[in-house]
Amino acid sequence: MTPQKSRTELDLSSQTLVLDNGAYHIKAGFSSDHPTYKECRTFPNCIARTRDKEILVGSELAQCNDYGDIDFRRPVEKGYIVDWEGERAIWSRELEKGEIKCNPKETNLILTEAPNGPQALQTHSDQMIFEEFEFASAYRCIAPTLNAYNDTRSLFGDPQAPSLEALPAEVLLLVDTGYSHTTVTPLFHGRPAHNAIRRLNIAGKQISNLLSELISLRHFNVRDEPYIVDEIKEDACFVSTDFTHDIEACWSGNSNRKDLDRSVVVDYVLPDYTNTYRGFVRPHDSSRAAELRRLGLSTLDQPKEDFFPLGNERFGPPELLFNPSDVGLSCEGVPGMIMQSLSTLPEALRPGLLANIMVVGGCSLLPGFVERLDMEVRKRVNSDFVVRVRRAEDPVRSTWLGGARLASNRSLLRQHVVTKQQYEENGAPWTARQFAGKRGR
Amino acid sequence: MATGPLRFRTPHIEELPTAQSRQSAGFAWVPVSGAQDDPAKNWGTTNRKRQRQSTGGQTDQQKEAVSARQQREVERRIKDLNSDNSKETVEIPKKPGQQPSGGAFKIGKTSGTKKIMSSGKSLQHHLEDEQAEIDRTGRREGEVDAPAPNAQRASKTPLHRRKPREDSSASNSPAPAVSSMPPPAIPREVVQLDDSDGDEESQLPGLPSAAEMEALLNAPPLTYAQARASSPPPGLPPPRRFCETCGYWGRARCLKCGAMTCSVVCKDEHDQSKCLKMYA
């Protein structure tokens, strides 16, 4: 059982499938010599039942036209694959006839998961990969580590590395805000400092749910339409850099007399599935005629449309990322979490991490997120520290791209991967230790 | 006078009537602590808030009831936020026209995978299982270098024969017996294990040595509960409250249900549609 010796003899198959298993979307694709974002396929990680009782698995969801009254089943909870029955159905559909058609027996797999998961779920994943799907070899890692293999130097404006051999990045503080949670992970040469990883259970899903609650209470019941609320969030929400100013702009005064500030308040028009299939944003129209039309009392012969104004609903829910206490959660927001994570590390490492904060994940696409995070982190550290916060080029697929770049470097890949044969010889606990980085110790 | 099972004489006690004993009044004068508000200020006040302040404060029971209700509200809110909006479990479609192995395909190829796929456990179950495992054996599944349970027992070896024990407790997973301790305690120990003179002495903190870095990176991962961001330090401003109706700053609290509203208009709205529902 000497992994060192057998590693050089490993003959990996040529194809590697990189699977970034998220709670909302799966980002998957095959790596190549020079991977680009184009090779990454994104499809929903869910099984959905539409209004007409039709069941759509994974990427079949794109075929659906009517997103009203749709019911989802998500196998990934809080970043961990819990419902393997569902996940297996989605994976096997994609592997057989979907976006990532391949034969698992001849493919290497790189699978991501969230940090700090229950050990049992990790061994379940290994078992499923090797016994059910029978991949030739696999590497299961926590999602943040793959980002270290990205081109972080050009992201931060540092001088280019002499060659590709400079991977992975030396120092990186990764903030990953996805759908189900947000994590802060300090990485050194691509390896995480486990004691400093922090997680916050506020991210896309909670923001959407809060938005849906607010809209349902104030304007229009959208509680049964999570898909439409997600679209509203993507279209209209932003992170405010001056919360007080924005909230004043949305207040209609003591007797609803003050005029609302157009730059912040907008109208959102819902799709009616006959003419329009997707909602859109429109500047707020606070005239009386518009008010009547909204309530449906208009006598004018105009096409009936459902719309409602969005004021502090635009920036209130995203504010949760920075102030979870708004909703009653007694934990710190993302900037506080970064400080907590840094406080567990030796002082000497902190400046390096502060100067290399990389933000990935769908939620970081919210306008104003990076600026606000930059501002908040600067407030909490001495002014002589350099603070650089950058969002990856494509935050949703950045982790995938890191994995693809890792896979394109065969010697690196060989160091990390465990083959099916090794799994069968050495068993699941050994495999789990290998994946956790304890090689030969 | 001792009778029965008592083996020694109990002293005999009898109350003698003295000249000073008289009928007790049924009440006693007790010194009152704290300045009492001038009762004239509170006459006829229907303001329950001031009443609560003046009449010696709420009893602990009342305070608990109010805060328990608020706590339940907050928890309900957070649970709503975490909900997945799924009404019933969506059935996985059975693929028609599959080969005979199609049956096995659905259930799982090996016994291990069959068990995994048919288990209906949710994440909460797994987390609780792991916590129970840690409490029981002091280590997580898959970790070799965990302390044996008797490492916690008071050592019976005499002092001069005891070997230094710091290593065993510091290099192990943070889980055993320190699950209530905050994680920051561990890395400091880990760092001090190795070159302890590296960081502490110099003014400009030098980069940790390779050995320290290895120790840092090889530390076992935290459990789910330990990794969650902890509460903010005390002394920060209290959490901001918003108006329930419109979302502006909350300025006035509804006496019945405790919800904040910003203005009279919003408060009327609240009274009509939201207050009674919660109260009834």
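Colleague: Is Asp80(B) buried, exposed or partly exposed, and what is its relative accessible area?

Modeller: This is a predicted model. In it, Asp80(B) has a relative accessible area of 33%. Buried needs under 20% and exposed over 50%, so Asp80(B) counts as partly exposed.

Colleague: Which helix does Asp80(B) lie in?

Modeller: Helix α2 of chain B, residues 60-81.

Colleague: And what does Asp80(B) touch, leaving out residues up to four places away in sequence?

Modeller: Asn209(A) and Glu213(A).

Colleague: How far is Asp80(B) from Ala210(B), C-alpha to C-alpha?

Modeller: 47 Å. Along the chain, the two are 130 residues apart.

Colleague: Switching to chain A. At what angle do α10(A) and α12(A) pack?

Modeller: About 45 degrees, with the axes 9 Å apart. Helix α10 covers residues 334-343 and helix α12 covers residues 369-380. Angles from 65 to 115 degrees count as roughly perpendicular and those under 35 as roughly parallel, so α10(A) and α12(A) are oblique to each other. Their crossing is right-handed.

Colleague: Which residues make that contact?

Modeller: From α10(A), Val334(A), Pro335(A), Gly336(A), Ile338(A) and Met339(A). From α12(A), Leu373(A), Glu376(A), Val377(A) and Arg380(A). By class, that contact has 6 nonpolar, 1 polar and 2 charged residues.

Colleague: Zooming out, how many helices and strands in chain A?

Modeller: 16 helices and 20 strands. Chain A has 441 residues, and 63% of them count as buried.

Notes. Residues numbered from 1 in each chain as written. Chains lettered and ligands numbered in written order. Predicted model: local features only at pLDDT ≥ 70, side-chain atom pairs only at ≥ 80, totals over all residues. Heavy atoms only, no water. Axes fitted to C-alpha atoms, helices over the stretch in contact; angles between N-to-C directions. Helix = DSSP H or I, 4+ residues; strand = E, 2+ residues; numbered from the N terminus. Parallel < 35°, antiparallel > 145°, perpendicular 65-115°, else oblique. Left-handed = near helix turned anticlockwise from the far one by under 90°. Contact = heavy atoms within 4.5 Å. Nonpolar A, V, L, I, M, F, W, Y, C, P; charged D, E, K, R; others polar. Buried < 20%, exposed > 50% of the residue type's maximum accessible area, 1.4 Å probe, protein only.
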